[in-house]
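Trainee: I am new to reading structures like this one. Could you walk me through the features step by step?

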Amino acid sequence: KNKNFQTWQVIFKSNFCGTITLRYPKLKPWELEMAYAISPNFWRKGIFSNSSNLLFKYLKKKKVGHIFCKVRIDNLPSLNALFKKKFKIIKTKKNKKIKNNFYFVYLLKKDL
């Protein structure tokens with residue numbers, strides 16, 4: 001059990017279809033980073049939208065101020081889903097550790 005991480009399973013019609021994880025930075029507990037993975041078998045069914053809505057309601061009660069998310073720049077479906085949730089791009093950065101030097105987009109959501 002790690003106090004800096006919290007992970008939920010995403011279940012759809014009794015089937016496991018992914019996870020959502022929050023990482024709480026030690027220095028800024030009012031900010032956090034969200035990571036998620038939904039199985040391709042469950043894409044385009046509104047699962048991310050519904051599960052993130054539940055997550056945001058939970059975080060609003062905990063008085064979280066900001067959520068960060070990092071997405072590969074070529075992952076357009078994920079970027080579009082985050083834009084629909086009112087995330088805004090704050091920077092792009094090249095990751096030299098990954099083959100072909102993929103760029104990542106860092107997004108921020110304020111005011112849950």
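Mentor: Gladly! Take Arg 44: its relative accessibility is 75%, so Arg 44 counts as exposed. Before going on, please keep in mind that this is a predicted model, in which local features need pLDDT of at least 70, side-chain atom pairs count only at pLDDT 80 or more, and totals for chains, interfaces and linings use all residues. Residues are numbered from 1 along each chain as its sequence is written, and side-chain values use heavy atoms, with hydrogens and water left out.

Trainee: How many helices and strands does the protein have?

Mentor: Helices (H or I, at least four residues) and strands (E, at least two) are DSSP runs, numbered from the N terminus. Here the protein has two helices and six strands. Following the sequence, their pattern reads β-β-β-α-β-α-β-β.

Trainee: Where does Arg 44 lie?

Mentor: Arg 44 sits in the loop between E3 and H1. Its backbone is worth a look too: Arg 44 is not a glycine, yet it has a positive phi of about 60°. Lys 86 is another non-glycine residue with a positive phi, about 75°. You will find Lys 86 in the loop between H2 and strand E5 (88-94), and at 58% relative accessibility Lys 86 counts as exposed.

Trainee: What percentage of the protein's residues count as buried?

Mentor: Of its 112 residues, 30% count as buried. One example is Val 64, which is buried because its relative accessible area is 10%. Val 64 belongs to the loop between helix H1 (47-61) and E4. In sequence, Val 64 and Leu 32 are 32 residues apart, while their C-alpha atoms are 7.8 Å apart in space.

Trainee: And how do I read a contact?

Mentor: Contact means that heavy atoms lie within 4.5 Å. Leaving aside neighbours within four places in sequence, Ser 78 is in contact with Tyr 36 and Val 71. Ser 78 is also buried, with a relative accessible area of 10%.

Trainee: Which residues does Ala 35 contact, leaving aside its neighbours within four places in sequence?

Mentor: Those are Thr 19, Ile 20 and Thr 21. Ala 35 is found in strand E3 and, at 41% relative accessibility, counts as partly exposed. Ala 35 and Thr 21 are 14 residues apart in sequence, with 5.2 Å between their C-alpha atoms. For the protein as a whole, take the contacts between residues at least 6 apart in sequence: 48% of them join residues at least 24 apart.

Trainee: How many salt bridges does a search of the whole structure find?

Mentor: A salt bridge is a side-chain nitrogen of Lys or Arg within 4 Å of a carboxyl oxygen of Asp or Glu. The search finds two. In one, Arg 23 pairs with Glu 33, and the closest N and O atoms are 2.9 Å apart. Arg 23 is in strand E2 (residues 15-23) and Glu 33 in strand E3 (residues 31-38), so this pair ties together parts that are ten residues apart in sequence. Arg 23 is partly exposed at 34% relative accessible area, and Glu 33 is partly exposed at 25%.

Trainee: Which residue forms a salt bridge with Arg 72?

Mentor: Asp 74 does, with the closest N and O atoms 2.7 Å apart. Arg 72 counts as partly exposed at 33% relative accessibility, and Asp 74 is partly exposed too, with a relative accessible area of 41%.

Trainee: Finally, how should I look at the surface?

Mentor: Accessible areas come from the Shrake-Rupley method with a 1.4 Å probe; for residues, only the protein chains shown count as cover. The protein exposes about 8100 Å², and carbon and sulfur atoms supply 54% of that area.

How values were computed
Buried means under 20% relative accessible area, exposed over 50%, partly exposed in between (1.4 Å probe, protein chains only).
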